[in-house]
Amino acid sequence: MKLHHATILIVFTLFLFGCSQSASRLSQPTVSSDAGAAAIQKYDGNKDGAISADELASSPGLKIALSRIDTNKDGKITAEEISSRIDQWRASRLALSSMNVRLRLDGRPLQNATMTLVPEEFLGPAVKTASGTSDNMGYVNVCISPDPDENGVHLGFYRVTISKQDNGKETIPSRYNEKSELGIEVAHDLDTQNFGIDLRSQ
């Protein structure tokens with residue numbers, strides 16, 4: 001799936017560093033009960049009661065999950081469809097998902113870059129931001145924190161930012177950070193433990 005020169009793909013690797021899934025003894029974060037309605041209020045620019053394909057550009061996390069949320073396949077997302085997807089997360093009873101990502105820039109491992117998952121505000125404050133820094137092979141484990149109760153990523157819709165600073169100057173194009181077009185859904189039925197993101201400098 002291409003997102004303006006960025007390709008998110010499954011990478012069949014077994015490298016897991018740092019973050020580990022510990023959902024068996026943890027409770028899920030409480031997602032706001034009116035999350036669907038809040039999403040419509042935020043992104044439904046023409047006030048027709050749904051978020052259209054054009055409006056989804058403002059929410060990369062929802063945009064990348066369109067095929068899973070849009071159950072009637074009309075190309076739009078309603079509050080009810082968003083709530084239904086969130087209900088599927090709840091039914092899984094999964095609290096955290098481990099995330100191991102390989103970052104590449106122009107086909108080469110992207111070292112010492114910070115990857116951050118910023119949750120959609122409409123999910124509520126319980127779904128937390130997660131981040132990690134890539135190693136010399138480009139692998140990054142994304143965690144809320146090293147604490148055993150936060151050593152992973154909450155289920156949710158996220159905007160993804162990837163940043164690498166050199167003497168205070170950003171070296172990665174703004175479409176991957178300040179104006180990020182990257183999004184991800186973390187869910188019980190998706191493989192977010194081993195995948196790659198390919199970036200392009202041009």
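User: In which strand does S163 lie?

Analyst: This is a predicted model, in which local features need pLDDT of at least 70 and side-chain atom pairs count only at pLDDT 80 or more, while totals for chains, interfaces and linings use all residues. Residues are numbered from 1 along each chain as its sequence is written, and side-chain values use heavy atoms, with hydrogens and water left out. Strands (E, at least two residues) and helices (H or I, at least four) are DSSP runs numbered from the N terminus. S163 belongs to the run of residues 156-163, which is strand β8.

User: Does S163 count as buried or exposed?

Analyst: Buried means under 20% relative accessible area, exposed over 50%, and partly exposed in between (1.4 Å probe, protein chains only). The relative accessibility of S163 is 19%, so S163 counts as buried.

User: Which residue is joined to S163 by a side-chain polar contact?

Analyst: Contact means heavy atoms within 4.5 Å. Not counting residues up to four places away in sequence, S163 touches A113, T114, E170, I172 and N177. A polar contact is a pair of N or O atoms within 3.5 Å; within protein, one must be able to donate a hydrogen and the other to accept it, and residues adjacent in sequence count only if both atoms are side-chain atoms. At 2.5 Å, the side chain of S163 has such a contact with that of E170.

User: How are α1 and α4 oriented to each other?

Analyst: Axes are lines fitted to C-alpha atoms, for helices over the stretch in contact, with angles from 0 to 180 degrees between N-to-C directions. The axes of α1 (residues 35-43) and α4 (residues 79-92) come within 7 Å and cross at roughly 135 degrees. Angles under 35 degrees count as roughly parallel, over 145 as roughly antiparallel, 65 to 115 as roughly perpendicular and the rest as oblique. The orientation of α1 and α4 is therefore oblique.

User: How many nonpolar residues does the contact of α1 with α4 have?

Analyst: The contact is made by A35, G36, A37, A39 and I40 of α1 together with A79, I82, S83 and I86 of α4. Ala, Val, Leu, Ile, Met, Phe, Trp, Tyr, Cys and Pro count as nonpolar, Asp, Glu, Lys and Arg as charged, and the others, Gly among them, as polar. No charged residue and 2 polar ones take part, and the nonpolar count is 7.

User: What relative accessibility does G132 have?

Analyst: G132 is placed in strand β6 (residues 130-133). Beyond its neighbours within four places in sequence, G132 contacts A113, T114, M115, V140, N141 and V142. G132 counts as buried because its relative accessibility is 12%.
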